[in-house]
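Here are some notes for a colleague who is opening this structure for the first time. Please read them with the model on screen, and take the points in order.

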Amino acid sequence: MKQTTHPPDHRSERVRDGAAPAAAPSRARSGKRPRPTSTQWAAWGFLAPVTIYLALFYAYPLYRNLDLSLRDYTVRSFVQGDAPFTGLANYRKVFDDPTFAPALVHTAVFTAACLVFQYAIGLALAVFFNQHFRLSATLRALFLVPWLLPLIVSASTWSWMLNSDSGIVNAVLHAVGIGPVNWLTSPSWSLTSVIIANIWIGVPFNLVVLYSGLQSIPAGLYEAAALDGAGAWRRFWSITFPLLRPVSAITLLLGLVYTLKVFDIIWIMTKGGPADSSTTLATWSYQLGFGNLLPAFGPGAAVGNLLVVAALVFGLVYVRVQRKQALS
């Protein structure tokens, strides 16, 4: 009788040696995903309101604005929703319009001038109030008034002050022997007028942010520099300005995004005139979409999208610069 031999059972040896193979996870055999824990449900619960808010008030309006710029909308088709698709025709119409080049130049000049003066004045005031003298807190609070006022109040106040006939600015100029200036009705001065008003409104924001940045600079650095014989200007350029660079970058970026879309001040003071001398892309977009009896919704939305793209480009540049600085 032939005896059958069996291969050695290595599993019993591993069991004897205390190295039994681990059992496969039960979820791998069943193919089911693990159920979310209470912590994960809580996280989704907190995230849901923010997601819904961003979708309703940011994503959907951007989508609708993009759709407006790619279709030939009229008042009738805007209500009924049967506007024909025209592709980039509205953008070509905007670029070919004779108002586009002056509006682009005015936007660039308005934005650059406001950013430079708002930052320079805000930084000077922040350094001044950082000395912590008597009444510094009270004066700093008073400088916040322009920032707290509604824009319509600020713009109306500046319109009254710069009025050619009864404005206080021309009254002061007349008292010192200077003739009246047509601040709001002259094509040579209208853009300057709205720039001055917007600088006055934006300085408090720069003051608050830059002053907060100055509080994070250790006072010991200034004391050591003073012991080494460094003067006030030397301490500013060697300590204050370099250490304030990250705060300055975010201040300028936020100021840029805000200034690109400034509409209230310009529209209340000059309505983009006279003769489009103070028209920017923001006011032109409003004029196209809502300022005429026959609104051009498509071109107006196209101009608005150009502003969105410009702000997005500058934001991406800022992120890239910050990433390079972090890696270095």
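1. The protein chain holds 17 helices and 0 strands. Please keep in mind throughout that this is a predicted model.

2. Of the 328 residues in the protein chain, 33% count as buried, while the chain exposes about 21200 Å², of which carbon and sulfur atoms supply 67%. When contacts between residues at least 6 apart in sequence are considered, 65% of them join residues at least 24 apart.

3. On the H5 side the contact is made by Asn 90, Tyr 91, Lys 93, Val 94 and Phe 95, and on the H17 side by Gly 298, Pro 299, Ala 302, Val 303, Asn 305 and Leu 306. Sorted by class, this contact of H5 with H17 comprises 7 nonpolar, 3 polar and 1 charged residues.

4. Which residues of helix H9 (residues 151–161) are buried? They are Ser 154, Ala 155, Trp 158 and Ser 159, and because they cover an arc of only 135 degrees around the axis, they sit on the same side of H9. In general, an α-helix has 3.6 residues a turn, so residues three or four places apart point the same way.

5. As for what lies against them, the buried residues of H9 pack against helix H8 (145–148), helix H11 (190–215) and helix H15 (264–269).

Terms used: Residues are numbered from 1 along each chain as its sequence is written. This is a predicted model: local features need pLDDT of at least 70, side-chain atom pairs count only at pLDDT 80 or more; totals for chains, interfaces and linings use all residues. Side-chain values use heavy atoms; hydrogens and water are left out. Contact means heavy atoms within 4.5 Å. Helices (H or I, at least four residues) and strands (E, at least two) are DSSP runs, numbered from the N terminus. Ala, Val, Leu, Ile, Met, Phe, Trp, Tyr, Cys and Pro count as nonpolar, Asp, Glu, Lys and Arg as charged, and the others, Gly among them, as polar. Buried means under 20% relative accessible area, exposed over 50%, partly exposed in between (1.4 Å probe, protein chains only). The arc is that of the directions from the helix axis to the C-beta atoms. Accessible areas come from the Shrake-Rupley method with a 1.4 Å probe; for residues, only the protein chains shown count as cover.
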